[in-house]
Every structure is written in C-alpha cells, then in structure tokens.
Amino acid sequence: MAELIFNLSKEGKCAFSLPESQVPSYEFDNKYTRMEDAQLPEVSEVDVIRHFTNISRHNYGVDQGFYPLGSCTMKYNPKLNEDVAKLQGFTALHPYQPEYQVQGALKAAYDLQQYLCEITGMSGATLQPAAGAHGEMTGIMIIKAYHQGRKDYKRTKMIVPDSAHGTNPASAATAGYDIVQVKSDDKGLVDIEALSSIMDEETAGLMLTNPNTLGLFESNIKKIAKIVHDMGGLLYYDGANLNAIMGIARPFDMGFDVVHLNLHKTMSTPHGGGGPGSGPVCVRKDLIKYLPKPVISKNNDGYFLDYDRKESIGRVRAFYGNYLVYIRALTYILTMGPEGLKKASETAVLNANYIMAGVKDNFMIPYDRFCMHEFVLSGSNQKDNYGVSTLDMAKRLLDYGYHPPTIYFPMIVHEGMMIEPTETESKETLDEFIQVMNKIAKEAEEDADLLHNSPHTTYVRRLDEVAAARNPVLRWEKD
Amino acid sequence: MRYIPVTEKDRKEMLIRCKADNIEQLFSSIPDDVRLKRPLNLPDAKSEMELIKYMQTIAAKNSNTGNYACFLGAGAYDHYIPSVIGHLVSRQEFFTAYTPYQPEISQGTLTAIFEYQTMICELTGMDVSNASMYDGASALAEACVISSSASRKKSEIIIVEDMHPEYRETAETYLKFRGIKHASMTVEQLLSADLTNTAGVCIQYPSFYGDIYDMDRIGKYVKENGSLLIVCANPVALALLKSPKDFGADFVVGEGQPLGMPLGFGGPYLGFFACVKEHMRKMPGRIVGKTTDVDGKTAYVLTLQAREQHIRREKATSNICSNQALCALMATIYLSVTGKEGFKQVAKRCVDNAHYVYEGLLKTGKFEKVSDLPFFHEFTVKPKEDITALNAYLFKYGFIGGHKTEKGWLVAVTEKRTKEEMDEFIKRAGEFNG
C-alpha cells in the first residue's frame with residue numbers, strides 16, 4: 001500500500017542544505033509573519049526518491065506500451081527532444097533578459113512560428129497559448145476582435161458541431177459567445193443543410209476539427225467555408241487531428257482563417273500526465289494584427305519581441321508561452337523534415353485503417369469507410385446482446401497491458417470507442433492489439449462478468465467515483 | 001524515418017488487409033482542390049548528430065544564468081533546483097503519460113497531485129486547491145472570472161495597481177471578452193472605495209514592486225464591504241509571511257515556477273489555484289479526490305468533474321483541459337526535498353540576501369528608496385543612471401541586472417547568490433556612470 005509523502009514525515013529529517021550564510025540576518029516585524037508553519041513533509045532524500053519512484057510505477061506511459069487514446073495522438077516522445085530542451089542555453093534564460101542576450105532563443109521561436117505557418121498554410125503565429133483549449137480561446141478572441149474591428153457588433157453566436165470536443169463550446173463561451181450546435185449527417189459529416197439554415201449574420205463563425213472527431217475528413221469543407229464566409233463569419237480549425245494531414249492538405253487551403261495546433265499531440269512533445277502542452281495559434285494575413293502580444297519578429301538588427309500592437313487581443317498569459325515545450329516541437333520538426341512529416345501522417349492513417357479492418361468482424365463500425373488517423377467503433381453489439389458496456393471492454397484492455405482508447409466520445413456514437421494508433425506503432429503491435437480486441441469481443445459473449453469486474457490485474461481496481469464526488473476529500477489531513 | 005517502425009513490406013501487407021490498392025486510396029476523401037501539390041517548404045530532415053549540433057549552436061547564442069549571476073525577477077526567479085527533481089520527473093511513467101482518465105493505471109500522477117493539492121493548501125491556508133493552471137497570470141484571470149459570478153448582486157472586479165503588468169493584461173483580456181467590468185486603483189484608493197458593485201478585489205502579495213502591504217487592513221476592508229479577496233502570492237514568500245487565510249483571502253493564486261522549475265525563457269511554469277471551500281464546485285480545471293476501489297483499497301481519482309468542459313461544455317466553469325501536471329509534480333518534489341524546515345531556510349536566505357543588496361545599493365549613493373514598506377526578496381530602487389545602460393554595464397561584468405519598471409529598477413535576490421556576487425554587483429552598480 002503506497003503511503004503519501006506526508007506519512008513518511010519525521011521531525012528532524014531534511015533532504016536539503018544551503019551553504020553557510022555570510023550576510024546579516026533580517027527579521028520581519030511579527031505582524032507580517034506566519035503564525036503557523038506550513039505542514040510540509042520532513043523526509044530524507046532517499047525517502048523522496050523511493051516514494052516518487054514507487055508511485056510512478058502505478059502509472060502507464062507511452063514508453064511502456066500501446067496508448068491508442070483517440071484524439072490525443074499519443075505518439076512516441078523522442079528522447080533527443082529532451083536532450084535539446086535540457087540545454088542550459090534554453091533552460092537557464094530569464095524571460096526578461098534583453099533581446100541582445102537571447103537571440104538564439106528568439107530565433108528558435110521565430111523559426112518554429114514560420115514552420116507552423118508553412119504546415120498550416122497560414123501567415124502569422126503566436127506561441128503564447130499553453131495548451132489546446134488555451135489556443136482555442138485565443139483563436140476565438142481573435143475572431144471576435146476581427147468582427148469588432150469591422151464595427152460588426154451584432155455577432156453573438158458561435159457554431160460547433162455535435163461531434164466537437166467539449167473544449168470547443170467552452171472556449172467559445174470564454175470569449176463571450178453563445179453556442180449553437182450543428183448536427184452531423186448520416187455520413188458523420190457536418191450537415192450542410194443544417195449549417196446553411198443556422199449560419200446567419202449574427203454568427204461569428206464555425207469551429208471545426210478536420211478530420212473530425214469521428215476520424216472522417218469533411219469532404220465538403222470548401223462548401224462549408226463558403227457558407228460561413230458568405231455570411232461574414234470566420235472558420236476556426238481545431239488542430240487536434242492535424243496528425244492525419246501534414247504535408248497532404250493544409251487548413252488555409254481548405255478555407256480556414258484561424259488554426260490552433262497541439263504541439264503535445266502532433267509534434268510529439270510529452271504530455272506529462274496532463275500538461276504542460278502548447279497550443280500555438282496561426283492566422284491568415286489580415287488577422288495577424290490581432291495576435292496576442294508580444295509577437296516574435298525579425299528585422300535587420302535581429303530577432304525582437306514586438307509589443308507595439310494596438311489591435312492585439314491582449315495577453316492570454318505571462319511571458320511567451322511554454323517555451324521548453326516548443327523547443328521540443330522544433331527539434332521534432334527538424335528531425336522529421338518535410339518528407340518525414342508526410343510519412344508520419346500517411347502511416348498514422350494506414351495504422352488506423354489496419355486496426356479498423358482487423359476488428360470490424362466483431363465490432364460495429366458506424367461509419368464504415370476509410371478513416372483518417374483514427375476511427376470510432378461502437379460497442380452496441382456487445383451492450384445490446386451481452387450487457388457488456390464499452391467501459392467494461394476498456395477496463396478489460398487494462399488487464400492486457402494497454403492504455404484503453406477514448407470512450408463515450410464523440411457523444412453521437414452509441415457506446416463509442418475512439419481508436420488512434422499513431423504512426424509510431426509497428427505492425428506487430430497493431431496485430432497484437434487487434435487480436436486482444438477480438439478476444440475481448442469473445443469474452444463479452446462467453447463471460448460477461450469477467451468484463452464487468454475488470455480490471456483484475458491493475459494496482460487498484462475500479463474506483464468509487466461517486467463517493468469521491470459526493471464527499472470530496474481533496475487533501476491529506478494529519479490524523 | 002527513425003520514429004516510424006512500419007516497413008515497406010508491412011505497408012504492402014497492411015494495405016491488402018485494408019482492401020486498398022495504395023496509400024493514396026486511404027486519402028480519397030480529401031478533395032483534390034484542397035490538396036497540397038508540393039512538398040512542405042521546411043528544412044530537410046537532420047540526423048541526430050546534425051540536429052544536436054545545430055540546436056547547441058542556437059542555444060550557445062544565448063547568455064544564460066548558468067554563466068551570469070541573475071538579479072532579475074519580476075515574476076520568474078532564479079532559485080536553486082535540487083538534482084532529485086530532474087531525475088524523478090524524467091521517469092517515463094510520469095513524463096509520457098496522458099491526463100489520468102484511467103485511474104487504475106494512473107495512481108502515480110493522481111497520488112502526486114493529491115499531495116500537491118495538500119501542499120498548496122498548506123502554503124496558502126486555503127481549504128482546496130486544483131491540480132494546476134497554465135501559469136500565475138491565467139490563474140489570476142480565472143479567479144477574477146469566477147469571483148465575478150459568485151454573487152448575484154455584484155460583478156465588477158478591482159485589480160490593485162501594483163499587480164504584475166502582464167498578469168493585469170491577462171486578467172483584462174479574460175474579463176474584457178466575458179464582458180465583465182473592471183477597474184484599477186492604488187491600495188490607498190481601495191481603502192476608501194465604494195465596493196457596492198465590486199465582486200472581487202485582486203492584490204499581489206508581495207506587490208510587483210516588492211512591497212508588503214498591511215494585508216490585515218486591506219482584507220478587513222474588502223470583507224466588510226462584502227467583496228471577495230483574490231490574493232496573487234509568491235509561493236516562496238508564503239514560507240515566512242502571513243498566510244493569506246489569516247487576512248481573509250477567498251482565492252489564492254500565483255506562479256509556482258519558484259518551486260523547482262527552470263526559468264526556461266518563460267515556461268512551462270505552474271499556475272496554482274486555491275480557494276475556500278465555498279467556491280470548491282466552481283474551481284476551474286482538474287481536481288483529485290480520495291476514494292476506494294471495489295476491494296476497499298485507498299486510491300485517488302479525478303473528481304467534481306461536473307464543473308468541467310468535457311461534461312458541461314459551454315456551461316463549464318472554465319475551458320481548461322490540459323494543464324501543467326508535470327510542473328505540479330516538480331513543485332511537489334521540490335517542497336518534499338526542501339520540506340518544512342528547508343523551505344523556510346530558502347525563504348529566509350532570499351530575504352537576508354535581498355536586504356543585504358538593498359542596503360549595499362543605497363550606501364553607494366547612486367540609488368534612492370521608492371518605498372518604506374517591508375519587502376521579501378525583491379525591491380525597487382531608483383537609480384541615478386539610465387536603467388538600460390546600467391544593465392548593459394553590469395552584463396559586461398557577468399550580471400543580469402534588474403527589471404526596468406515605471407517606478408524604477410526592480411531587483412530580485414535569491415538564495416543562489418553568493419556574498420562575492422552580491423558585493424561585486426553592488427560595487428559595479430555603484431560605480432557606473434552613464
């Protein structure tokens with residue numbers, strides 16, 4: 001049973017020492033100081049190392065095995081990126097050092113901006129947003145600034161598809177928009193007629209993921225863009241699924257005006273158990289003036305931070321973004337090169353189709369045609385015939401040593417399971433996974449309880465999440 | 001292609017299984033008129049050897065705090081990072097895992113976040129903490145947004161003037177787009193302001209310029225007027241200074257970078273966010289709670305998810321999804337390594353060093369006081385010389401000087417600075433004639 005670090009605490013232990021002080025001591029007046037010490041643990045260095053090493057062993061990372069978590073692009077995180085991000089010339093830079101001291105850092109950021117613009121087809125970029133949702137918020141604010149810049153104040157709505165990530169409507173709400181949902185048609189694509197009927201002059205734009213969250217390319221994208229643009233709206237590209245199309249098609253060429261990327265998905269930076277990510281935003285030329293300030297720019301004297309931007313939406317955080325994350329992404333892009341990125345997308349798509357072909361005899365595929373980098377199956381056969389839910393099957397995958405796919409998303413698929421293998425998985429890995437999926441389908445038929453009670457082999461088993469929410473215990477307390 | 005393990009032979013076999021003649025066929029849903037008909041215009045792929053050399057060359061163009069003694073702060077601080085942190089956070093189990101949606105195989109991350117939440121509660125005196133925000137500025141902005149909707153009668157926000165300018169700008173962006181009114185004023189103005197329509201008051205502690213105000217007085221006034229108090233605190237200062245709970249804070253947010261994160265040219269950092277229990281169900285972001293599994297074993301899990309975007313969509317309290325989990329882990333390890341006594345020692349050393357440098361600079365006769373209030377590890381003085389030129393002069397002698405602000409030269413001194421460095425810094429700053 002793993003203890004918390006607090007339970008290891010013993011008065012007098014310490015894992016830290018400072019050199020002797022050679023300056024006088026300064027004492028604050030009592031009225032400014034704490035009445036009680038913060039109850040931090042008192043532990044030895046060995047305690048710290050063993051504790052965090054031991055709890056880490058109850059995690060599962062990409063280096064351990066297959067992680068087909070749909071929409072999250074859990075590709076291998078190259079170790080070289082880590083070496084580069086640990087160079088002292090990047091880690092030990094203060095963000096307020098004068099520009100002449102940090103020309104290398106600014107060049108790296110500037111180059112990355114240029115590369116991301118080339119990959120998306122856009123003209124300008126900010127690296128400031130710290131994650132995908134932060135990028136969405138930034139992008140939607142830019143759209144709002146664009147409309148207001150044209151003295152167009154009547155637009156109060158933003159359209160999102162019913163298959164969208166939850167962050168899309170939530171981000172549009174942070175920019176002050178009301179949300180209008182557009183439904184998907186029977187092919188899993190944006191319903192063009194429905195879109196035409198709701199797109200009006202009070203609508204600021206449409207947020208879209210392409211390929212969409214069903215792993216299907218919105219083939220009507222030009223038509224969609226026309227409907228939105230004709231009514232004066234802008235088209236927002238959620239880059240969650242960019243891994244399907246690098247070097248193959250670009251958001252700008254599809255008619256998108258604003259794009260965010262998830263460097264922690266497409267550009268292989270590690271997810272760290274929930275961040276730090278990085279969500280740069282790229283825009284078409286006439287929207288550059290609205291980007292958050294500062295923008296990293298270049299002139300004859302070198303690279304500089306351009307703060308003189310009157311029409312900027314403002315800042316969305318302090319400093320310039322998750323810099324060491326984007327150093328990793330830059331390293332990745334330079335390692336892959338243009339052909340490598342295209343090959344990555346091609347292989348990601350091939351791998352997803354290969355799994356789909358391998359499991360379709362046992363699982364219902366609601367949109368049965370070639371998919372892009374991911375696909376969504378439905379566990380409805382298993383649910384309706386044997387009472388085994390998609391959650392049960394996901395939990396059973398844990399017993400076989402896999403991180404389960406994303407489940408119950410997008411919400412328009414009954415008992416959905418969204419599988420994204422990425423390009424960094426071998427055929428052998430995919431074959432084994434297919435075999436296990438089919439085995440689980442058989443188990444569902446023969447021994448439903450085995451699945452209801454899974455996982456059986458993990459460090460902890462299914463948790464009482466209801467109790468956790470009803471009676472929240474959110475911190476350790478001394479007995 | 002080093003990171004793509006599918007061979008040409010595999011590819012052919014896989015295509016057959018997919019019933020496709022070639023890769024192109026898999027992409028047939030992408031219409032021709034949106035296709036890119038040329039290769040991406042990016043530099044050709046570099047081998048590992050070429051790449052590391054190239055990036056080393058870029059990194060070498062920067063003057064870093066490993067070679068220069070840093071007296072620059074203003075929201076990012078050059079503290080010592082114990083060796084243990086890098087080793088532990090590099091463990092792939094932490095590093096390459098996703099958000100802990102599958103608690104059965106995520107107890108490492110979940111346990112660490114639970115510990116992190118506890119430590120943040122201890123430092124701030126608050127009842128609850130979330131699992132982290134992007135940075136201090138965005139944490140402040142989210143606290144403002146939540147405060148503005150906490151009461152039906154009041155919705156405006158006041159940001160006290162001595163707030164970090166970038167934090168203010170961030171909060172203003174978030175508020176502006178939500179259509180929430182906000183105002184700015186000095187502490188003196190605040191203490192006689194009409195707060196009838198004020199939902200929340202934000203104040204930085206210590207202030208951007210280093211001042212430690214009479215927080216009891218401020219807290220009392222804000223509470224008596226029925227507004228919420230949002231404190232944006234330096235976490236190292238909280239080791240010694242009065243806990244925000246003791247002067248009535250409702251929300252305590254701040255930048256966690258000083259807790260074991262490298263300067264990293266501004267990120268990734270760590271926004272911490274804590275509040276009193278009353279606002280628990282409105283907190284943004286992930287929260288970890290304690291529970292048991294079917295066998296009764298203690299375990300941790302993401303909880304109170306009904307607040308979040310994947311459930312509530314546009315009605316969520318925030319749009320945040322990925323946050324800064326690994327940075328929160330760094331902070332947890334940092335606070336474990338330094339511990340109850342070591343963390344206070346770090347804070348105390350910062351205070352002693354900063355006061356030594358402050359006195360030394362004043363003695364040179366080239367700097368004037370701008371405030372009589374106490375300060376922690378950062379202070380503002382007014383130099384007789386031009387600040388940009390002064391910093392350039394100091395740079396020649398191996399120093400990264402203080403930040404140029406509206407009120408003067410903002411100098412930060414951490415526990416890392418040796419007496420030799422401080423003496424030399426004072427001497428060179430005092431001798432500069434522009």
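Reply: Happy to! Let's begin with the two chains: 170 residues of chain A are in contact with 164 residues of chain B. Two residues count as in contact if their C-beta atoms, placed from the backbone, lie within 7 Å. This is a predicted model, where local features need pLDDT of at least 70 and side-chain atom pairs count only at pLDDT 80 or more, while totals for chains, interfaces and linings use all residues. Residues are numbered from 1 along each chain as its sequence is written, and chains are lettered from A and ligands numbered from 1 in the order in which they are written.

Me: Which helix gives the most to the side of chain A that touches chain B?
Reply: Helix 10 of chain A, residues 323-359, with 23 residues. Helices (H or I, at least four residues) and strands (E, at least two) are DSSP runs, numbered from the N terminus.

Me: And what is that side made of, by class?
Reply: The side of chain A that touches chain B has 95 nonpolar, 49 polar and 26 charged residues. Here Ala, Val, Leu, Ile, Met, Phe, Trp, Tyr, Cys and Pro count as nonpolar, Asp, Glu, Lys and Arg as charged, and the others, Gly among them, as polar.

Me: Switching topic: what domains does chain A have?
Reply: The assignment gives domain 1 (80-335) and domain 2 (338-465); such bounds come from an automatic or database domain assignment. The contact between them takes 18 residues from domain 1 of chain A and 18 residues from domain 2 of chain A. On the domain 1 side, those residues divide into eight nonpolar, eight polar and two charged.

Me: How far apart are the C-alpha centres of the two domains?
Reply: In chain A, the centres of domain 1 and domain 2 lie 30 Å apart.

Me: What about sheets?
Reply: Chain A has an open sheet of seven strands in the order 1-7-6-5-4-2-3, with mixed pairing. Two strands pair if DSSP finds at least two bridges between them. At the edges are strand 1 (124-126) and strand 3 (178-182) of chain A, each pairing on one side only.

Me: How do strand 6 and strand 7 of chain A pair?
Reply: Strand 6 (residues 258-261) and strand 7 (residues 281-283) of chain A are antiparallel, over three bridges. In that pairing, V259(A) stands opposite C282(A). Also, helix 6 (residues 167-174) of chain A packs on the sheet, touching strand 2 (157-161), strand 3, strand 4 (203-209) and strand 5 (234-239) of chain A.

Me: Which strands make up the three-stranded sheet?
Reply: That open sheet of chain A runs 10-12-11, with antiparallel pairing. Its edge strands are strand 10 (375-378) and strand 11 (406-407) of chain A. Strand 10 pairs with strand 12 (residues 416-419) of chain A over four bridges, and L377(A) stands opposite M417(A).

Me: How many helices and strands are in chain A?
Reply: Chain A has 15 helices and 12 strands. The radius of gyration of chain A is 25 Å, close to the 23 Å of the globule rule for 479 residues, so chain A is as compact as a globular protein of that length. That radius is taken over C-alpha atoms, and the rule is 2.2 Å times the number of residues to the power 0.38.

Me: Last one: is helix 1 of chain B buried or in the open?
Reply: Of the 10 residues of helix 1 (residues 8-17) of chain B, one is buried, so this helix lies largely in the open. Buried means that 20 or more other C-beta atoms lie within 10 Å of the residue's own, exposed 12 or fewer, and partly exposed in between, with C-beta atoms placed from the backbone.

Methods: Axes are lines fitted to C-alpha atoms, for helices over the stretch in contact, and angles run from 0 to 180 degrees between N-to-C directions.
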